[in-house]
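Let's take a walk through a protein model together. Have the sequence and the 3D view open, and look up each residue as we get to it.

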Amino acid sequence: MTRLLLHPAGRCRHEKYGRCTNEFWEIMKTEGKPGLRDYLCLHWRAKLEVMQAYQEAGWQADRLGLTGEDRRRAIDRFLAGTPAPAPICPDFRPRADGPLNECRYFFLEACVLRFQSCPGDCPNYLPPGDQRG
């Protein structure tokens with residue numbers, strides 16, 4: 001006997017701004033973080049580039065055997081020659097309930113707008129609320 005099960009009223013927990021965040025978890029299961037390269041938030045990517053530049057400057061200062069204040073000044077000099085990237089995201093919208101420099105579309109280092117549209121009814125439907133029975 002076949003029964004049709006209807007989803008209870010309410011949004012799916014995966015749905016954010018009309019997009020399906022389950023795509024994030026599917027990519028993580030199959031490809032890991034490298035698979036999310038095309039989904040990264042532009043502001044997050046710029047932050048990672050700044051951190052990488054700082055690490056490289058620290059590595060260069062360490063190779064020169066610098067410590068303390070000399071090391072800090074050397075890092076500042078290395079970084080002065082590398083301007084920090086200033087990403088411009090046309091979709092940036094500040095969060096209403098968080099810091100102004102954080103975008104509402106930011107989802108675990110990714111941009112929600114890069115995920116597929118929510119189909120509305122799918123086998124991955126997850127009702128809101130506590131799933132711990």
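Let's begin with charge: there are seven salt bridges here, where a salt bridge is a side-chain nitrogen of Lys or Arg within 4 Å of a carboxyl oxygen of Asp or Glu. Side chains of opposite charge can pair when their charged atoms come close.

Before we go on, a word about what you're looking at. This is a predicted model, in which local features need pLDDT of at least 70 and side-chain atom pairs count only at pLDDT 80 or more, while totals for chains, interfaces and linings use all residues. Residues are numbered from 1 along each chain as its sequence is written, and side-chain values use heavy atoms, with hydrogens and water left out.

Back to the salt bridges. Find Lys33 and Glu109, which form one of them, with their closest N and O atoms 3.1 Å apart. Lys33 sits in the loop between H1 and helix H2 (42-63), and Glu109 in the loop between strand E3 (106-107) and E4, so this pair ties together parts that are 76 residues apart in sequence. (Helices, H or I with at least four residues, and strands, E with at least two, are DSSP runs numbered from the N terminus.) Are these two partners buried or exposed? Lys33 counts as exposed because its relative accessibility is 51%, while Glu109, at 22%, is partly exposed. The cut-offs are these: buried means under 20% relative accessible area, exposed over 50%, and partly exposed in between (1.4 Å probe, protein chains only).

Another salt bridge joins the side chains of Asp62 and Arg71, at 2.8 Å from N to O. Both residues are in the middle category: Asp62 is partly exposed at 45%, and Arg71 is partly exposed at 26%.

Now look at helix H3 (residues 68-80). Asp70 and Arg73 form a salt bridge there, with the closest N and O atoms 2.6 Å apart. They are three residues apart in this helix, so about one helical turn separates them. Asp70 has 40% relative accessibility and is partly exposed, and Arg73 is partly exposed too, at 39%. From Arg77 to Ala57 is 20 residues in sequence, and 8.8 Å in space from C-alpha to C-alpha.

Time to zoom out. The protein chain has three helices and four strands, and reading along the sequence gives the pattern β-β-α-α-α-β-β. Of its 133 residues, 22% count as buried. If you take the contacts (heavy atoms within 4.5 Å) with a separation of 6 or more, 63% of them are between residues 24 or more positions apart.

So what's inside? The largest nonpolar core has 11 residues, among them Phe24, Ile27, Leu36, Phe107, Ala110, Cys111 and Phe115. A nonpolar core is a set of buried Ala, Val, Leu, Ile, Met, Phe, Trp, Tyr and Cys residues joined through side-chain atoms within 4.5 Å. Helix H1 (22-30) and strand E4 (110-111) are the elements that give two or more residues to this core. Follow Phe24: leaving aside neighbours within four places in sequence, it is in contact with Leu36, Phe107, Leu108, Ala110 and Phe115.

Asn22 lies in helix H1 as well. At 9% relative accessibility, Asn22 counts as buried, and it touches His14 and Asn124, not counting residues up to four places away in sequence. Then there's Glu15, in strand E1 (residues 15-16), which counts as buried at 14%. The side chain of Glu15 reaches the backbone nitrogen of Gly18 at 2.5 Å.

Last stop, the cysteines. Cys111 is buried at 11% relative accessibility, and Cys20 is buried at 7%.

How values were computed:
A polar contact is a pair of N or O atoms within 3.5 Å; within protein, one must be able to donate a hydrogen and the other to accept it, and residues adjacent in sequence count only if both atoms are side-chain atoms.
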